[in-house]
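Please open the model in your viewer and keep the selection tool handy.

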Amino acid sequence: MTAVADLTIDLRQLPYEMDAGLGPRGRIGLIALSGDQTIEHECRQIWQQPDVAHYVTRILHHAGNVNLETLRRMEGGLADAAALLLPGLRLEVMAFGCTSGSLSIGIARVHELLRQQRPELRCTTPMEAGCLALQRLGARRIAFLSPYQHEVNQAMRQYLIEQGFSVPAMASWNIANGAMVNRVSQASAAEAVRQIGRAPDTDAVFVSCTALRLVERIEALEQEIGKPIVTSNQALAWHCLRLAGIDDAVPGFGRLLMLPLDE
């Protein structure tokens with residue numbers, strides 16, 4: 001064998017130092033639905049605080065006909081999806097990114113599955129984050145907007161009522177195919193918020209579904225209708241930050257992002 005004659009430097013044990021890695025202030029893990037094109041895009045805009053990192057994996061969801069039964073089927077894949085997010089490494093918060101799915105499976109059950117390998121992990125879902133957000137904003141009478149079919153809408157309305165809210169106004173596009181929700185235009189979503197936001201005897205709008213595109217318009221719409229607006233992605237991103245101990249105000253995404261978790 002002929003030696004390599006031009007090797008003049010051969011450093012085999014360079015000195016190094018270690019730091020905390022990415023996200024020293026907080027690391028957020030997100031489980032997104034396989035067909036959701038929106039949640040990462042919107043949460044990424046909010047999770048831009050210095051030294052905060054986020055990581056995303058996917059769970060299979062057959063979106064052809066979104067109903068309570070098809071949503072519940074995701075239960076079987078949640079623990080495996082959670083196991084893919086930085087296994088063995090520090091993670092402050094994990095979120096399951098499906099509003100109707102978390103309700104259908106059961107929020108306590110979702111938390112149980114996410115914590116199978118990390119018992120002390122802080123967890124959240126868009127449904128519970130949305131309710132906490134509405135409470136934090138002092139809202140009690142909710143105008144509810146969603147893309148879902150009647151069965152799912154009624155289950156979500158009942159959950160809101162069980163959490164102590166009244167829901168005197170509802171509106172929906174009645175879309176069965178979950179993949180189509182990603183394509184509802186921002187203009188259509190904004191106009192729907194304006195319409196439902198005018199409902200009398202309501203003091204906030206809750207827009208459900210992580211596939212809807214609206215986060216960039218929340219602040220302007222709040223000024224138009226004179227009421228706070230909570231969306232699934234906005235509330236989830238807010239709650240994840242606050243659970244990670246990050247209380248930075250994040251301007252540009254509505255009143256909620258200016259608030260800490262507690263007064």
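Start by selecting Cys240, which counts as buried at 0% relative accessibility; buried means under 20% relative accessible area, exposed over 50%, and partly exposed in between (1.4 Å probe, protein chains only). A word on what you are looking at: this is a predicted model, in which local features need pLDDT of at least 70 and side-chain atom pairs count only at pLDDT 80 or more, while totals for chains, interfaces and linings use all residues. Residues are numbered from 1 along each chain as its sequence is written, and side-chain values use heavy atoms, with hydrogens and water left out.

How many disulfides does the structure hold? It holds zero, a disulfide being a pair of cysteine sulfur atoms within 2.5 Å. The closest cysteine sulfur to that of Cys123 belongs to Cys240 and lies 9.6 Å away, so the two are too far apart for a bond.

Move on to Thr99, found in helix H4 (residues 99-105). Helices here are DSSP runs (H or I, at least four residues), as are strands (E, at least two), numbered from the N terminus. Thr99 is buried, with 1% relative accessible area. Which side chain does the side chain of Thr99 meet in a polar contact? Select Ser232, whose side chain is 2.7 Å away. A polar contact is a pair of N or O atoms within 3.5 Å; within protein, one must be able to donate a hydrogen and the other to accept it, and residues adjacent in sequence count only if both atoms are side-chain atoms. Leaving out residues up to four places away in sequence, Thr99 also touches others, including Pro126, Met127, Tyr148 and Phe206; contact means heavy atoms within 4.5 Å.

Now for the charged pairs. A search of the whole structure finds 12 salt bridges, each a side-chain nitrogen of Lys or Arg within 4 Å of a carboxyl oxygen of Asp or Glu. Select Arg109 and Glu112, whose side chains form one at 3.0 Å, N to O. Both lie in helix H5 (residues 107-114), three residues apart, about one turn of the helix. Arg109 is partly exposed at 29% relative accessible area, and Glu112 is partly exposed at 47%.

For another pair, go to Asp201 and Arg141, where the closest N and O atoms are 3.2 Å apart in a salt bridge. This pair links distant parts of the chain: Asp201 sits in the loop between helix H9 (186-197) and strand E7 (204-207), Arg141 in strand E5 (residues 141-146), 60 residues apart. Asp201 is exposed at 55% relative accessibility, whereas Arg141 is partly exposed at 32%.

Stay with helix H9 and pick Arg194 and Glu191, three residues and about one helical turn apart. Their salt bridge has its closest N and O atoms 3.2 Å apart.

Finish with Ile31 and Phe96, the residues with the most contacts inside the largest nonpolar core, which has 89 residues. Such a core is a set of buried Ala, Val, Leu, Ile, Met, Phe, Trp, Tyr and Cys residues joined through side-chain atoms within 4.5 Å. Helix H11 (residues 232-243) gives the most to this core, with seven residues.
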